[in-house]
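Open the model in your viewer and keep the selection tool at hand. This tour tells you what to select next and what is there.

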Amino acid sequence: MEELLKVKDLLVSFSMYKKGFHKYELEVIHQLSLDINKGEIVAVVGSSGSGKSILAEAVLGLLPKNATVTGEVTYKGNDIDEKSIRKYLGKDIAYIPQSVDHLDPVMKVGDQVIGVNGTKERQEELFEQYNLPKGTEEKYPFQCSGGMSRRILVTSALMGRPDLIIADEPTPGLDLKMALEALKDFRELADNGTGILLITHDIDLALGVADRIAVFYAGSVLELAPVEDFVHNSDKLRHPYSQSLIKALPQNDFTPIRGTQPYAGDLPSGCLFSPRCWLRDDKCAGNIPMTEVRGGKVRCAHAADG
Amino acid sequence: MQLTGENINFKYTKKSPWILKDISITINSGERVGVVGPSGYGKSTLAKILAGYLKPLAGSVSLDGGDLPKKGYSPVQMIYQHPEFSVNPRLKMKDILEEAWVPDDDLLGRMGIEKKWFTRWPSELSGGELQRFCIARVLSPKTKFLICDEITTMLDAITQAQIWNLLLDEAKKRELGMMIITHNKSLAERVCTSIIELPELNHIERADV
């Protein structure tokens, strides 16, 4: 397996104003590690508002100026930062943003999809493949329906035949069946060698399409494991949070644990999940490294015990 | 008690396509009717019509044979998908909670609402916490029917299970009639006593226009 993207100990913080000129640093992503190989779909699953989109924007160097990003990000073995990623963006690495507002409102969609590096032929080929009727390329975004705009975003991502696609919530407002249908193309791309990072809040969707699932909690990835470990039961999972997440699904036990996710700025020290965890003890304080357990990666002091 | 919608027809403007055509639905006390179906089939429109927020163009909604009350507290209440948009952002949580009635400590305890949240603004609570307030504020003893429009769609699985377990306990205790809109089939199978699917007919018609 060839490694495409590797993120190690990523940390993102925003410098914010409190009152007047008093500044403070708000850390939203901490110690996040993740890797994507050629030809696989890795789904990052976490609840809305927990900072998943910031992960994508940090990797792609799209964050505003008041953000500080530290940690290692490598693409095919080369270190990248927000400047050096520019030469890959739109060619090797493509981004499908969450909202259709990312289309330029005053540019015809055909020209947008072609962009700087694309060709007319490729655009026509992609439009046909994605069922965009002839003449769509002459339209402006406001003349396209929501579903069409989404497909336009996908075609513009595929223009450069990318090796890595970062898709942020690509199927909003679709129910599971339609979303899985829409992601069939992703599966096909992955089978042809593209690596896909799929960011979603819908765990059922991730279970249906991904090869590996990264469980995102309060700004960090607690567990990264093959999708088989998540199906049916929680026995094979390594982290108490992912176990309780799977147990709480309506098709499984539907039994919740207590408590809520902590906020950025109000985080517990040590393990982020420890205030809600039944295994909590002295080992949970302090820095807990990502370790390999039974073919998956997990950040838990007790993972190796059981 | 019985909440019935009979032969409901609805479209939003004169020119727009029909959203609902000849839909009939009956909900008895103690029943939990799930409504599933993809987006655009008129699930939310049906919810608003049954709760009395929209008037059907043809057909009628009745509660035990009579009309829904036009003023005062309606026995048919709704819980929405986005709690952050269904509360007044300029009220503190205590005022939001007590808009229509004053819940007692016992109910707040069962709902998992902490008193220290009372002095916060809505923007200072998470979606799951906010949704608990939205549920507690409609659980007055006068409420007989609850219409839940995708109330846990935006929440993570653990919070979803927390909210539904609380709500189901309460609904069973009070024999509430519920209409539960969701696109999650396994959730519907878990919480509902019966499930209906809105006909696809509407959708085909919409595509033709």
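Two strands pair if DSSP finds at least two bridges between them. Helices (H or I, at least four residues) and strands (E, at least two) are DSSP runs, numbered from the N terminus. This is a predicted model, where local features need pLDDT of at least 70, side-chain atom pairs count only at pLDDT 80 or more, and totals for chains, interfaces and linings use all residues. Residues are numbered from 1 along each chain as its sequence is written, while chains are lettered from A and ligands numbered from 1 in the order in which they are written.

**Stop 1: the sheet of chain A**

Select the eight strands of the open sheet in chain A, in the order S6-S7-S8-S3-S9-S10-S12-S11. Their pairing is mixed. Which strands form the edges? They are S6 (93-96) and S11 (291-293) of chain A, and each pairs on one side only. On average, neighbouring strands of this sheet are turned by 20 degrees against each other, direction ignored. Such angles come from axes, which are lines fitted to C-alpha atoms, for helices over the stretch in contact; angles run from 0 to 180 degrees between N-to-C directions.

Now pick S6(A) and S7(A), residues 164-168. The two run parallel, joined by four bridges. Find A:Tyr95: opposite stands A:Ile166 in S7(A).

Next, select H8(A). This helix lies across S9 (212-217) and S10 (220-226) of chain A. H8(A) runs at about 100 degrees to S9(A).

**Stop 2: where the chains touch**

Show both chains. Residues are in contact if their C-beta atoms, placed from the backbone, lie within 7 Å. Chain A gives 19 residues to the contact and chain B gives 21 residues. On the chain A side, H5 (176-182) and H8 (240-247) each supply at least two residues.

**Stop 3: a buried strand in chain B**

Select S3(B), residues 32-36. A residue is buried if 20 or more other C-beta atoms lie within 10 Å of its own, exposed if 12 or fewer, and partly exposed in between; the C-beta atoms are placed from the backbone. Five of the five residues of S3(B) are buried, so the strand is largely enclosed by the rest of the structure. B:Arg32, B:Gly34 and B:Val36 point one way, and B:Val33 and B:Val35 point the other way.

What pairs with S3(B)? One partner is S7(B), residues 177-181, in the parallel sense over four bridges. Here B:Val33 stands opposite B:Met179. Another is S8(B), residues 194-197, also parallel over four bridges. There B:Gly34 faces its opposite number, B:Ile195.

**Stop 4: two helices of chain B**

Two packed helices are described by the angle between their axes and the distance between the axes. Select H4(B), residues 127-138, and H5(B), residues 157-174. They pack at an angle of about 15 degrees, with axes 10 Å apart. H4(B) and H5(B) are therefore roughly parallel (angles under 35 degrees). Display B:Gly128, B:Gln131, B:Arg132 and B:Ile135 in H4(B). They meet B:Thr159, B:Gln162, B:Ile163 and B:Leu167 in H5(B).

**Stop 5: a tryptophan in a loop**

Finish at B:Trp117, in the loop between H3 (105-111) and H4 of chain B. Not counting residues up to four places away in sequence, B:Trp117 touches B:Met93, B:Leu125 and B:Glu129.

Methods
Contact = placed C-beta atoms within 7 Å. Parallel < 35°, antiparallel > 145°, perpendicular 65-115°, else oblique.
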